[in-house]
Amino acid sequence: RMHGLGSHAGMAPALPPPAWRDLGASAARLRLAPTLLSGMSFRWKQRVDGIFEGVLGTDAYELKEIADAVHFRVLSKRPSPDAEARLRAHLSLGRGVDVCSWLDQQLLSDPPACFAKAAAALGGVRVLNVEKLESVVAFIGSANNNIKRNMQMVESLCAHFPESRIETEDSHCSKTALHFRFPTVEQLASLSEKTLWELGWGYRAPRLHRLARELSERGGVEFLEALSVLPEVEARAKLCELSGIGRKVADCILLFSYGRDSVVPVDTHCLQIAQKRLLPSIRGLSLSAGVYQKIVDRFHEIFGKEFAGWAFMVMFVGELSDFRKVIEARAQTKSNILIEAPAEIKSNLVETNIRSRFFLDPTKIESVSVAGSSAAVDSAAVAVEVGSTVGSAAVGSAVG
């Protein structure tokens, strides 16, 4: 017994977990689930304990919501000096418009009813800022795909390179979590089509194989960075020269990686939103180039050009079946709803399962937590699955 104890005498004591820090973002400015799991990025997942795990650059992060605040910590053994700044930039905390201000400050004289309901219930939706190379690759994978599968494809691509693993203190992370940096252009170019198929990229493998070589020939990440200074039309045209990128994918990249907040990505899901909610004159029409531009023009007309992309994201998320439940429940109570699942439901889900977003089932709510008061939530809160297949690419893959 004493020998067993002595065998550990030379081991360094485990470091305490990094402290949680407040991001200084209220619920009105940032809600994690609709921001991180709605198809703008594919590198975040929510664990059964409600904590979000993700990777930005060379660092792994955890995020959690506490009442009206969002807290974070960096899990990397050797965090980057700019780790917090990178996270804040990713969440666009210094960019764009807080969704509630569309209504609170009466920026819209006559907002569409569907937008007003979504903005009131999902006021913390933000447009993410994703690294350019990651965005280009991920949105190629998102075409005719769903969020869950695209997350798996991106993760398998990152995990293929063991040298890209981010060192973390195991005691700080979920037991199954391994974190990897996103591959470089050189790493991507080293992969054969066969390997990409084996990594789950299927018929998209040839596109990604060609894309990696095209980027390498053009100068890699420097080529993508150089597009930042170009006018929107020219930047879009340059992106569309790359394999697997048409206007829809290019517009996702422009909105989510280049800060072009006036851009409205249009796919078949967005077409349906416009046909039902904003532009009845296009009902029955397919998504041609002309219809695409009419939808963009309509968003600019209603919401103004400056932040039309942010307004689009509010409506997009509000139309997803998962979040519609939140909107409907809030409409019934006229109050903000605490989005949380009971412990007994969380305990039934495995940690690596993507089915770990929790929303209230409005048909079974007896009482809800509202702003400024406390109330119980019936155990009928439900976990909902991320992802059902829709048309190509806008905002990744639509949910529900």
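Ser 135 has its place in helix 6 of this predicted model, in which local features need a pLDDT of at least 70, side-chain atom pairs count only at pLDDT 80 or more, and totals for chains, interfaces and linings use all residues. Residues are numbered from 1 along each chain as its sequence is written, and side-chain values use heavy atoms, with hydrogens and water left out. Helices are DSSP runs (H or I, at least four residues) numbered from the N terminus. With a relative accessibility of 1%, Ser 135 counts as buried (under 20% relative accessible area, 1.4 Å probe, protein chains only). Apart from residues up to four places away in sequence, Ser 135 touches Val 130, Ile 253 and Ser 257, a contact being heavy atoms within 4.5 Å.

Helix 6 (residues 132-142) and helix 7 (residues 147-159) have axes that come within 9 Å and cross at roughly 135 degrees, which makes helix 6 oblique to helix 7. Axes here are lines fitted to C-alpha atoms, for helices over the stretch in contact, with angles running from 0 to 180 degrees between N-to-C directions; angles under 35 degrees count as roughly parallel, over 145 as roughly antiparallel, 65 to 115 as roughly perpendicular and the rest as oblique. On the helix 6 side, Val 137, Ala 138, Gly 141 and Ser 142 meet Asn 150, Met 153, Val 154 and Leu 157 of helix 7.

As for pLDDT, the predictor's confidence in each residue from 0 to 100, the protein averages 80, and 76% of the residues score at least 70. Over residues 1-9 pLDDT stays under 50, and the model has 0 contacts beyond four places in sequence for them.

How values were computed. Helices (H or I, at least four residues) and strands (E, at least two) are DSSP runs, numbered from the N terminus. Buried means under 20% relative accessible area, exposed over 50%, partly exposed in between (1.4 Å probe, protein chains only).
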